[in-house]
Amino acid sequence: MVKKAAPVIVLALIALILPVFLRTGFEIDIAVRVLLFAFIGVAWNLMGGYAKQLSLGHAAYFGLGAYTSTILLIKFGVSPWIGLIAGGIVAMLASLPIGWLCFRLRGPYFAIATIATAQVLMLLFLKFRDFAWGAEGTTIPFLGNAPLMMQFSGKAPYYYIALGLLAIGLVVTWAIERSWMGNYLVAVGEDEDAAEAVGVNAPRIKRDIYLISAFLTALAGTFYVQYIYFIDPNTAFSFNVSVEAALVSIVGGIGTLWGPVLGTILLEPTSALLQSLLGASHGGVQLTVYALILIAVILWRPTGLLGLITDAYRRIVRADG
Amino acid sequence: MADVLVVRNLDKRFGGLRAVADLSLSVEEGQTLALIGPNGAGKSTSFNLITGYFRPDSGSVLAFGRELVGLEPYDICAHGLARTFQVARPFGKMTVLENVMTGAFLRDKKVRAARERAREAIAFVGLSAKEETPARDLTTIDQRRLEMARALATEPRILLLDEVMAGLNHTEIDQAVALVGQLAKRGLTIVIVEHVMRAIMAVANRIVVLDHGQKIAEGLPQEVVANKEVIEAYLGTGAHA
């Protein structure tokens, strides 16, 4: 037990003291993005990884979380901390009809249908001029250092909020993984018909995990808008969010607790560094290099990179006796 | 003894093909009924109709006096009917124990209780040594064993076995026959689809013979194998001369 918990404690300590060593805004910004996308990946992974329901439309929930809290904040003066939960609830409610429609489809058809749901929401919010600022979007009024309104003068608090979100996502995943629910999710992901033969109510478990996954994804949306002080439909319902959520999980290790975290740690800084190194001089080259890295990882290690790390760790522990 | 499973006038068409035609049969509690017939006779389709994977065009399936037509497979399993598939369908990346726990969770959501129940089922089919083996690494017979254990962990009262002996060698068939015999001895009602006649003669109390979706014979094993129509269905007319 102690041996199992040790690496987690070490990781947590590193994560807690890391801001002390990050000097520039650029560095801490990368760290915040890593934590945020790891969290989105963890939320996606519950459904896409464990139950293999490959959604490419999680931006729908990211955007709903972002818009719910922003509308509450700007129109009604409600703190984003409350908006955070409200956004999660809106996302859960939205996941019910979306799931009802999309879960009729399996495999790639399911993925395509989920893409469509996020796109439809983006188009709707482009039209919502009075209610949600249409295509121009809006900036979030800056109130100075106002922790109760989720606004801070420095970047470190954002880092710790993102870290907290990620911790929540990991604890939820860990608890699900250890329970009957984790077992049912993997069973549905492996073979839905065979799972139903032994009493697994596949439609219900898919609906339930979609609710949880949507809720968590919406939290990330609220946080992101508060972090960048801006919202518009293209940012909130960005297809990139949907893709990143899936990508970090697939690269790190789909259907594993730490896979999305590892995937994000590898991909997010790589992407940011390539952008800053190559983006200015040779536009587009950074995307090519990024794509080549992805292709290499997926060809070389289709089940994700986490397996490599756990194998290595086991070898070290065993060498210690 | 009471009939625990009663199938009445079951009909299923796939386009122009009448896969199951007016099929009626019943199984007494604690008995083993074998469903035999040439390939394409409608045996697996009947299984899929009974266990909710296909909707019949008409007819009814009663288990313990309850109508099953219209229920989903997981509801039917919860009512005490468990099935195996013709081609074993283990959850490949789970271990043997985790596979069987999936079945056990139906009756108890607590991990510890499910694990114990799963271990009993695994011991019963003789897979205890491979509890931690990923299911995809098992041999064919072990995958079949696993499927049986997973079905048994749901605590069924009726077990439907779809060709559990196909592709097994002689020794393995003997082992499988012994296993089915033990299950019957425990009082489980069994419906078995099988091609291996040796196995059927050993385990079945009654046999129903299907051909082209229709029941062409029914009776005790000795009666059925001597039946003229059955021999014709298998070997063609003139073969019994």
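Author: Let us begin with contacts: two residues are in contact if their C-beta atoms, placed from the backbone, lie within 7 Å. This is a predicted model, in which local features need pLDDT of at least 70 and side-chain atom pairs count only at pLDDT 80 or more, while totals for chains, interfaces and linings use all residues. Residues are numbered from 1 along each chain as its sequence is written, and chains are lettered from A and ligands numbered from 1 in the order in which they are written.

Reader: How many residues does the contact take from chain A and from chain B?

Author: The size of an interface is often given as the accessible area lost when the parts come together. Here the residues are counted: 17 come from chain A and 26 from chain B. Helices and strands are DSSP runs numbered from the N terminus (helices H or I, at least four residues; strands E, at least two). On the side of chain A that touches chain B, helix H8 (180–190) and helix H9 (192–197) are the elements giving two or more residues. H8(A) has the largest share, six residues.

Reader: How do the residues of that side of chain A divide into nonpolar, polar and charged?

Author: Ala, Val, Leu, Ile, Met, Phe, Trp, Tyr, Cys and Pro count as nonpolar, Asp, Glu, Lys and Arg as charged, and the others, Gly among them, as polar. The side of chain A that touches chain B has nine nonpolar, four polar and four charged residues.

Reader: Which residues touch the most other members of the largest nonpolar core?

Author: In soluble globular proteins, nonpolar side chains tend to be buried together. A nonpolar core is a set of buried Ala, Val, Leu, Ile, Met, Phe, Trp, Tyr and Cys residues joined through C-beta atoms within 7 Å; buried means that 20 or more other C-beta atoms lie within 10 Å of a residue's own. The largest such core has 167 residues, and Leu35(A), Phe39(A) and Ala162(A) touch the most other members. Helix H2 (residues 25–50) of chain A contributes the most, 15 residues. Leaving aside residues up to four places away in sequence, Phe39(A) touches Ala162(A), Leu165(A), Leu166(A), Gly169(A) and Ala220(A).

Reader: What share of chain A is buried?

Author: Buried residues make up 45% of the 321 residues in chain A. Chain A has 15 helices and two strands, and its C-alpha atoms fill a box of roughly 60 × 50 × 40 Å along the principal axes.

Methods:
Buried ≥ 20, exposed ≤ 12 C-beta atoms within 10 Å, placed from the backbone.
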